[in-house]
Amino acid sequence: MSQPSHSIRAHLTLWDTVSIIIGIVIGAGIYETAPLIFKNVSGAWMGLAAWGLGGLLSLCGAFCYAELASTYPRSGGDYVYLTKAFGSWAGFLFGWAQMTVIMTGSIGMMAYVFANYATKLWDLGPNSMFLYAGAAVVFATFTNIFGLVFGKRAQNFLTLVKILGLTGILIAGFFWSNPRAGGPPLIAPEPGSFGLAMVLVLYTYGGWNDAAFVAAEVNDKRRNIPRALILGIVALTIIYLLINSAYLLAMGFEGVRSSSAIAADVLQQPLGDFGAKAMSLLVMISALGAVNGLTYTGSRIYSTVGQDFSFASWLARWHSSGSPVVSLITQGIITLLLIAIVGSTTAREGLNTVLTTAGVSAISWEGHGGFDTLLRCTAPVFWLFFLMTGISLFILRRKDRNVERPFSVPFYPLLPIVFCGTCLYMLYSAAMYAGQLIIVGIIPLIAGTLIYLIFIRSETRNQLERKEIK
């Protein structure tokens, strides 16, 4: 993988990096996944245990990424490790999957969180969710194309909004709990699947590994990258346990399970309709900020892939405003396509027609919202590449035995095995959770493999050697 011709300045401190991790992870997901998680556990305490377990498993993964990022401190994260460990095909497929499934799916999910709360305030009819989600993606794409990316003051405002929303939930939950709830029951009838609950929990923790994308910009990498990952995960675990405890105290176990907009429902109890509307606005702003941030970050991944592979060189074209315009437009179109597939009745029927024509049974869409459906489509692909990154740690330990490792995973190989085992289990659970919808994530991977075999392998050996990570 080629590196930028200019040197990258290491300007991020330990606390800057911790803030990046927390800022990336705590988006709008915590407002959407909690009811789905508690629907899949037998009681409140099991739900809280799932959140705690998610923190511990994420910590195991953080140790693995700390070793990889401090040993190979270059921007690119998983793209760097997978290319070094497996070859250029793995790096290309990772970038391709980010563009067609993982990152675009995440943008679509955050857009649907925005749409869910926007519809609570201003319902536009049967296609309200689809219209709001699409509008959020179009807005974020065009603001990035013309260089109108949220600046420092706007990002500080979004952080303040996030803090206000979380603080409001904590105050409402711990000081205005529902007296009729009588405390959350320990056991509830008809439990769901704990495996599915963990898929949702670990999705909500997801994003801490994105700190590896800015590894080259962290000063004192030997110490600060591992510290930031570990401190970030510990802080996230504490925050998530507090927020979910507040949900349960405010609404009770059954109330949390049945909520469709839990943040608004929690604040409605002490503040009435005003509280519900105020929280809806806060979540909408937070979700729109997440859509913008993911749009910005994702376009940089594809631009890097375009620099490394001549077939995809068009993705590396930048606008005079300082943005990778082709990557942004491509990402926006794919995201809108995913949103249409899961949110438009016409698109759903069209996809089922194609599947039945090909001899595959039609997908049952009943009972699945846009967020839930996109998570089902993308989660298996996400966990596949997460597993490959975990395996790359073992491979690179053998391939680069003489390379200095500023940080080594403690209790090696136990913790990396736990991390890989978690990824394998989550891959299985995500595939079961996806059901027929897994085909939406698999088709792009098959297409990417064919593209690599047909176009990229035809490049000369010298070209590939120049692009290889040294």
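A residue counts as buried when its relative accessible area is under 20%, as exposed when that area is over 50%, and as partly exposed in between, using a 1.4 Å probe on protein chains only. By this rule Cys64 is buried, with a relative accessible area of 1%. The structure is a predicted model, in which local features need pLDDT of at least 70 and side-chain atom pairs count only at pLDDT 80 or more, while totals for chains, interfaces and linings use all residues. Residues are numbered from 1 along each chain as its sequence is written, and side-chain values use heavy atoms, with hydrogens and water left out.

The cysteines make a friendly place to start. A disulfide is a covalent bond between the sulfur atoms of two cysteines. Here a disulfide is taken to be a pair of cysteine sulfur atoms within 2.5 Å, and the count by this rule is zero. For Cys60, the closest cysteine sulfur belongs to Cys64 and lies 7.4 Å away, too far for a bond. Cys64 is in no disulfide either, since the nearest cysteine sulfur to its own, that of Cys420, is 6.5 Å away. Like Cys64, Cys60 is buried; its relative accessibility is 12%.

Helices come next. Helices (H or I, at least four residues) and strands (E, at least two) are DSSP runs, numbered from the N terminus. The expected span of a helix is 1.5 Å times one less than its number of residues. Helix H6 (residues 128–145) has 18 residues and should span 26 Å, which agrees with the 26 Å between its end C-alpha atoms. Its buried residues include Tyr132, Val137, Asn144 and Ile145. Helix H15 (residues 438–454) has 17 residues and reaches 25 Å from its first C-alpha to its last, close to the expected 24 Å. The buried residues of H15 are Val440, Gly441, Pro444, Leu445, Gly448, Ile451 and Tyr452. Seen down the axis of H15, these residues fall within an arc of 130°, so they line one face of the helix; the arc is that of the directions from the helix axis to the C-beta atoms.

How do the helices pack against each other? In what follows, axes are lines fitted to C-alpha atoms, for helices over the stretch in contact, and angles run from 0 to 180 degrees between N-to-C directions. Angles under 35 degrees count as roughly parallel, over 145 as roughly antiparallel, 65 to 115 as roughly perpendicular and the rest as oblique. H13 and H15 pack at about 50°, with their axes 6 Å apart, which makes H13 oblique to H15. Helix H3 (residues 44–71) and helix H8 (residues 194–205) meet at about 55°, with axes 9 Å apart, and are therefore oblique to each other as well.

The loops hold some details too. Between helix H13 (370–399) and helix H14 (414–434) lies the loop that contains Pro413, and a cis peptide bond with omega of about 5° joins Tyr412 to Pro413. Phe411 is in the loop between H13 and H14, and its phi is near 60°, a positive value in a residue other than glycine. At 64% relative accessibility, Phe411 is exposed. Gln436 sits in the loop between H14 and H15 and is partly exposed, at 35%. Although 60 residues separate Gln436 from Arg376 in sequence, their C-alpha atoms are 9.2 Å apart in space.
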